Amino acid sequence: MANIILVGAQWGDEGKGKIIDVLTEQADIVVRSQGGNNAGHTVYLGSKKYVLHLVPSGILRKRKVCVIGNGVVIDPISLVGEIEGLRKLGIRMGSNLLISETAHLVFPYHRELDAQREVLKGKNKIGTTKRGIGPAYGDKAARTGLRMLDLIKPDSFAEKLKLKIRDNNEILKAFGAKPLQYKKVLESYAEAGAKLKPFVGNTVVFLHEACMARRNILFEGAQGTFLDLDHGTYPYVTSSNTTAGGACTGSGVPPHHMDRVLGVMKAYTTRVGEGPFPTENAELGDFLHGLGREFGATTGRARRCGWFDAVATAHATMVNGIDELAVTNVDGLDTLDVVRVCVAYRWRGNRLDRVPADLEILNECEPVFVEFPGWKTDTSKARRWKDLPAKARAYLNAIAELTGSSLSIVSVGPAREQTLFL
Ligand code: GDP
Ligand code: IMO
Ligand code: MG
């Protein structure tokens with residue numbers, strides 16, 4: 001293989017978890033480098049469903065090492081729960097998981113502040129996952145956060161936490177929210193810290209040595225390009241760099257060790273939470289929800305759905321340097337008569353070929369669609385590219401061309417074997 005950065009090319013939930021699990025067969029190491037337990041990555045092994053939040057999706061394969069990098073924000077209680085849950089499902093959780101000592105921590109006051117700020121925003125709320133992600137990254141940027149290094153040193157941690165709870169209780173009180181009980185938080189965090197300590201280490205050196213030994217590393221992006229703090233539809237974004245550059249800063253592996261960028265996108269578009277979504281289509285949403293699809297893996301919210309937006313995915317190719325594409329959920333469109341693709345936006349009579357950064361403009365953009373005839377064939381049993389109906393292949397070739405990258409993987413169902421390599 002090589003060192004591959006896998007990113008979401010849309011608004012998250014593109015099927016990254018499934019593709020990571022498939023590609024892990026050829027990888028040695030899988031690394032998460034940003035985000036937190038706002039992510040929900042689904043992997044099916046037979047009829048067994050696994051939803052990974054902080055643990056990389058490579059964990060289900062034997063003899064692979066999974067790394068939670070320095071750029072991730074970790075809710076230790078949630079991570080312990082995830083590790084124990086995976087153990088119960090028969091997954092080995094030992095030396096195959098490594099957690100960065102410099103990853104920042106998420107605390108209950110982050111979650112509470114996340115929720116309170118959303119209330120304060122009213123109709124302008126972001127629609128966050130309420131996992132405390134924004135406030136935790138906020139503390140990191142303000143240089144007031146606590147890290148894994150702090151958590152695993154019980155004595156000094158108790159002191160540091162005391163001050164943090166004291167300060168944050170003042171803020172919570174100003175919001176009219178219930179203050180936190182220091183003793184309770186300390187007890188639960190100390191217990192989680194003791195459980196996580198065996199996994200914690202210097203992941204930067206580990207990954208550097210892996211690069212020197214030419215081991216194959218897969219970087220598992222969380223969220224998607226348009227949720228990127230710098231390149232997304234700000235402020236309706238998450239608080240990390242979800243684009244390819246985030247894999248370097250969030251892991252300590254420098255750019256010259258990265259070989260390829262794989263962009264994952266759905267054959268249509270979905271978005272959870274608020275914010276602009278030019279190709280949104282309620283009818284397509286009702287249709288997909290009716291099939292039991294497109295409900296969030298983390299919060300269970302019904303995802304907003306829309307047609308494929310090639311203006312957006314072309315932007316994703318540009319900011320991530322996408323070399324190859326994986327298109328998932330092709331089977332979701334199997335029964336439609338007509339499939340639409342947005343090839344430009346129309347704004348006040350002007351044609352736009354790029355995604356405008358100004359949300360006042362983006363919110364007024366109307367998609368310019370090109371229509372493709374539906375293939376009206378079950379694609380879920382296809383195992384090779386040539387098994388797909390010609391109309392589906394034409395559609396996939398067109399969206400790859402409009403995105404400006406080459407198609408390398410097509411997914412026609414959640415299972416490993418429902419993956420076609422070109
Ligand atoms: P992620 O966050 O990018 O890992 O994606 P999620 O797991 O949140 O959501 C993707 C959903 O699509 C999950 O339920 C996957 O099991 C499912 N999925 C992935 N690829 C395919 C596919 O090709 N067909 C179908 N039917 N489901 C898929
Ligand atoms: P995966 O990795 C889809 C969205 C939230 C909200 C915005 C900010 O499964 O693709 P946050 O809690 O991060 O402050 O919320 O980002 N969001 C996601 N949407 N998939 C995700 O992760 C997401 N993680 C966050 O819905 O709109
Ligand atoms: Mg998801």
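Trainee: Which element gives the most to the lining of the largest cavity?

Mentor: This is a predicted model, in which local features need pLDDT of at least 70 and side-chain atom pairs count only at pLDDT 80 or more, while totals for chains, interfaces and linings use all residues. On a 1 Å grid over the protein atoms alone, a cavity is a set of points where a 1.4 Å probe fits but cannot get out, and lining residues have an atom within 4 Å of a point. Strand S1 (4-8), strand S10 (217-220) and helix H9 (245-249) each supply at least two lining residues, the elements being DSSP runs numbered from the N terminus (helices H or I, at least four residues; strands E, at least two). The greatest contribution, 3 residues, comes from S1.

Trainee: What is the volume of the largest cavity?

Mentor: Residues are numbered from 1 along each chain as its sequence is written, chains are lettered from A and ligands numbered from 1 in the order in which they are written, and side-chain values use heavy atoms, with hydrogens and water left out. The search of the whole structure finds 1 cavity of 30 Å³ or more. Grid points are joined across faces, edges and corners, and a volume is the space filled by probe spheres set on them. For the largest cavity, the volume is about 50 Å³.

Trainee: How much of the accessible area of ligand 1 does the protein bury?

Mentor: Among the 20 residues surrounding ligand 1 are Lys16, Thr42 and Asp331, a residue being near if one of its heavy atoms lies within 4 Å. Polar contacts (pairs of N or O atoms within 3.5 Å) reach ligand oxygen atoms from the side chain of Asp13 at 3.0 Å, the backbone of Gly40 at 2.8 Å and the side chain of Ser411 at 2.5 Å. Taken alone, ligand 1 exposes 590 Å² (Shrake-Rupley method, 1.4 Å probe). The buried share is 90%.

Trainee: Which pocket is the space taken by ligand 2?

Mentor: Oxygen atoms of ligand 2 lie 2.9 Å from a polar side-chain atom of Asn38 and 3.0 Å from one of Arg301; the protein buries 97% of the 550 Å² that the ligand exposes alone. A pocket is an open set of grid points with protein on both sides within 12 Å along at least five of seven lines, and a molecule sits in one if more than half of its atoms lie within 2 Å of its grid points. Whereas ligand 1 takes the second largest pocket, ligand 2 takes the largest pocket.

Key: A polar contact is a pair of N or O atoms within 3.5 Å; within protein, one must be able to donate a hydrogen and the other to accept it, and residues adjacent in sequence count only if both atoms are side-chain atoms.
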